[in-house]
Amino acid sequence: MPVHNFKDWGLLAALVALWGSNFMFVKLGVASVPPATLVAARLLIGAVILVAVVRAMGHVFPRPGRAWIPYVVLAIMGNSLPFWLITSGQKSIDSALAGILMAIMPLTTLVLAHFFVAGETMTRNRLAGFLLGFAGIVALTGPAALHGLGGSSGEIFAQLSVLGGAVCYAMQSVLVRRMLRGNVMVASAAIISIAALISVPISLLVDEPWNLAPSRGSVAAVIWIGIGPTALATIVFLKLIGSAGPTFMSLTNYCIPVVALLLGMALLGEEPGANAYVGLVLILAGIALSQLRRNTAVKK
C-alpha cells in the first residue's frame, strides 16, 4: 500500500471542500434551473475558465486524433453522464438519502482498482475501513433516511440515477489512472470542454433555456458550481488520482457528508444530534483504518 504524503492529504481536503459544497449549491440551482441546463451551464463555465488558463500558460492541445480518445471517454463517464444522473436524482429524493447512495462509490472504486490498477490491491484494512466509513455515513445522515429507499417508480428511478452517477465516478477514477497521460491542465480543459460540447445541445433541445426565468440565487449558484466544483475540482481531482491513486481519492465520498454537517452548523445554525457525532467518529475511524499499513519489515 503506498504511503500518502502531506500533498496528497492537502489535495484530498481541497477536493472534499469543493465537492462537499456542491450538493448545497445544486439544490439552490435546480430550484429554478432544470437539470440538463444546470449541467450544461456549469460545464460551459468550467470549460471557458480552463481553456483560458491553458492558453495563458502557453500549453498546447494535442492535434485531433487518437490522443483525444481518453478525453472523450472521461468527459462522458466522469462529467456529462454522472452530472445529469445525480442532478436529476436530487430533484426527487432527500439529500440525506442521496449521500448514502453516493457512498457506494468508494466501495465500487476499491473493487475496480483491485483488478485494474497496479498497487491498489484490496486489503482487509481497506475493506474494513470503507465499510466502517459507510456505517458512519448512515449514522451521520440518519438511519431513517434508509426508509426512503424504494417507493414509487419515480422515486426508484431517482435513486437508481444517483447510484448510477456514483458508479460512473468510480469507473472514471480507475480510467483516469489507466488512460490519462500528459499535462494535467490540458487534460482538465479538454475533458470539460468535450463534456460541455455534449451537454449544451442536449440542454437546448430538452429545456429551451431561452424561455426560462431563473432566480438570481439559482444563477449565482450555477456560476459558482462552474468555477469551483467543476473547473477547480477537475484540476485537483486529476492531480490527486495521478499522485495517490483512485482508492485514496474515493475517500472524498466519506468526507463530503462531514463538510455538509459543518456547513449546516456554520451557515444554517443547525444543531446536529448525537447520531451526527457518532457518524463523524465512525467515518474518521474508517479512514484511519483504511490507511493502516501492514508491517512488512523483515527481521534480520
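Predicted model: local features only at pLDDT ≥ 70, side-chain atom pairs only at ≥ 80, totals over all residues.
## How α3 meets α4

Let us begin with a pair of helices. Two packed helices are described by the angle between their axes and the distance between the axes. Helix α3 covers residues 35-56 and helix α4 covers residues 69-90; their axes lie 9 Å apart, at an angle of about 140°. Angles over 145 degrees would count as roughly antiparallel and those from 65 to 115 as roughly perpendicular, so α3 and α4 are oblique to each other. The crossing of α3 past α4 is right-handed.

Sorted by class, the contact has 6 nonpolar, 4 polar and 1 charged residues.

## How α9 meets α10

A second pair to look at is α9, residues 184-206, with α10, residues 216-244. The axes of α9 and α10 come within 9 Å and cross at roughly 130°. That angle falls between the perpendicular range, which ends at 115 degrees, and the antiparallel one, which begins over 145, and α9 and α10 are therefore oblique to each other. Their crossing is right-handed.

On the α9 side, the contact uses V184, M185, A187, S188, I191 and I192. These meet T230, T234, I235, L238 and K239 of α10. The residues of this contact divide into 7 nonpolar, 3 polar and 1 charged.

## The largest cavity

The structure holds 2 cavities of 30 Å³ or more, and the largest has a volume of about 340 Å³. Its lining is made of 25 residues, and those closest to the centre are W19, N22, R42, F83 and Y169.

Helix α4 gives the most, with 7 residues. By class, the lining of the largest cavity has 15 nonpolar residues, 9 polar ones and 1 charged.

## The second largest cavity

The second largest cavity has a volume of about 40 Å³. You can trace its lining through H4, R126, F130, T247, F248, S290 and Q291. Helices α7 (124-141) and α11 (246-249) each supply at least two residues of this lining. In class terms, the lining of the second largest cavity divides into 2 nonpolar, 4 polar and 1 charged residues.

## An open pocket

Finally, consider the second largest pocket, with a volume of about 230 Å³. It is lined by 13 residues, and V33, T37, A41, S203 and P209 lie nearest its centre. Helices α3, α9 and α10 each supply at least two residues of the lining, with α3 giving the most, at 4 residues. The lining of this pocket has 11 nonpolar and 2 polar residues, and no charged residues.

## Tying it together

Several helices turn up in more than one place. Helix α4 packs against α3 and also gives the most residues to the lining of the largest cavity.

Definitions and conventions:
Residues numbered from 1 in each chain as written. Heavy atoms only, no water. Axes fitted to C-alpha atoms, helices over the stretch in contact; angles between N-to-C directions. Parallel < 35°, antiparallel > 145°, perpendicular 65-115°, else oblique. Left-handed = near helix turned anticlockwise from the far one by under 90°. Nonpolar A, V, L, I, M, F, W, Y, C, P; charged D, E, K, R; others polar. 1 Å grid on protein atoms, 1.4 Å probe; cavity = no way out; pocket = protein on both sides within 12 Å on 5 of 7 lines; lining within 4 Å. Points joined across faces, edges and corners; volume = space filled by probe spheres on them. Contact = heavy atoms within 4.5 Å.
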